[in-house]
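Here is a short report on one structure.

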Amino acid sequence: MDLIAYAIPFFLLALLAEIVLDRRRNASFFRFNDAISSLSAGALSTTTGLFTKVLEITIYALAIDHVALYRLDPALFDLSWSGVGSFLVVLLAWDFLYYWHHRFGHTVNVLWAAHVVHHQSEDYNLSTALRQASTGFLFGWLFYLPLILIGVPVHVVATASAVDLIYQFWVHTQHVGSLGWFDRVFVSPSNHRVHHAQNQRYLDKNYGGILIVWDRLFGTFAPEDTADPCIYGVRKPLNSWDPLTANLQVYRETWRLAGRLRSPIDKLCVWFRRPNWRPIEEGGPLTLDDSTLASFERFQTVQPIPIRHYVLVQFLVAVVLTGGVSIGAAVVEWRLLLLPSVGLWVLLVSQCRLLQHGHKAVNSERWRLLAVNPALLFAAALWFGVNWQVVGAVIIYTLVSVVLLAALNKVTATTEHRSGAT
């Protein structure tokens, strides 16, 4: 059972509740563009993960069959008191390994390239919790291999992973202050706000997933100081709403850097050094201080209201598609999910381009509707045969979207014309 897929509706309800609370308190912790961007990255991560998790499952299956020291009986983790106790031990071990995975994710460039997606948001709210990377599957499995090697069943490891991740959702909020003794033992909103801050005193602190005890033990704990408010984001801002661009940012920058370096050793090692490492020929390590934060401004773009409404409607379609693909993964074979997933990914990127470029991106959205959608339908017909219910649904969706886009195009063009005349 995929706990994350079943938790998604509760995540969304909690997110809506926080938005309502944010409005009532006039807190302004949410911005439309940033929230859509974060949720788009989350939808991309969730659906690509349905295909990329085969790497982790294959490696773990091979490990438990050929190199595991033991094979623990799955009955040890049943719903009895002893079974629950056994699972809590595994969860504790997972959380310990997660601490090191998370810590290396900030200090090894190739791991940071994946994890940076979660930190690129310059806001901090429950939508940030759902902002996840799509490339973590490349190396993340390495850190939890010890559990497999001592014989913990793969499904128990997967459940521990899901529980740890679900716990971390609620700590991404600014509406909960200090919790006293709880802050000293567990990861809390206050502790995790520190982790997402780019202030010098907060950098590379508070890596814990459920327990903050690991940070206290290994010297990476920092308390939140109200005299030094958290400034969220990363020192090299993304300045884009596009989830694809977000996932490729550090990989692309590191590839270009490696291409400029003369030493073959440096070309290789740049991927495994700290993210701020640079050789002498590049001026040496990048230095970080808080002087640039004094004038820090969050990235923002402004669009006509009709574009925001159109993007919101399309994003609701994306939410339905994401839920359908995620639930469908449990009952149908992966190849049936590929084409709707591709359609979803193109939809997400196109909507974020509208948020980025406004009226200038309308043509690319038109191409998505009139070229990509028919192409996917044609591919599905060749691959699986014609399903008239699916064909009808896609045609109706496309026609409605084209009409909405035409209306949007007319309204925004009229608005821009009037603004120019003024």
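Asp-225 and Arg-201 join their side chains in a salt bridge, 3.2 Å from N to O. A salt bridge here is a side-chain nitrogen of Lys or Arg within 4 Å of a carboxyl oxygen of Asp or Glu. Asp-225 sits in the loop between α10 (213–218) and α11 (243–260), and Arg-201 in the loop between α9 (189–196) and α10, so the pair ties together parts 24 residues apart in sequence.

The model is predicted: local features need pLDDT of at least 70, side-chain atom pairs count only at pLDDT 80 or more, and totals for chains, interfaces and linings use all residues. Residues are numbered from 1 along each chain as its sequence is written, and side-chain values use heavy atoms, without hydrogens and water.

The count comes to 14 salt bridges. Three are listed here.

| Pair | N to O distance |
|---|---|
| Asp-225 and Arg-201 | 3.2 Å |
| Glu-282 and Arg-260 | 3.1 Å |
| Asp-65 and Arg-71 | 3.4 Å |

Arg-31, Asp-34, Asp-123 and Arg-298 are linked in a network of salt bridges.

How exposed is Arg-71? Its relative accessibility is 59%, which counts as exposed. Asp-65 is partly exposed at 47%. The cut-offs are under 20% relative accessible area for buried, over 50% for exposed, and partly exposed in between, with a 1.4 Å probe and protein chains only.

Now the helices. α13 (residues 305–328) and α14 (residues 335–357) pack at about 155°, with axes 10 Å apart. That makes α13 roughly antiparallel to α14, a term for angles over 145 degrees.

Notes. Axes fitted to C-alpha atoms, helices over the stretch in contact; angles between N-to-C directions. Helix = DSSP H or I, 4+ residues; strand = E, 2+ residues; numbered from the N terminus. Parallel < 35°, antiparallel > 145°, perpendicular 65-115°, else oblique.
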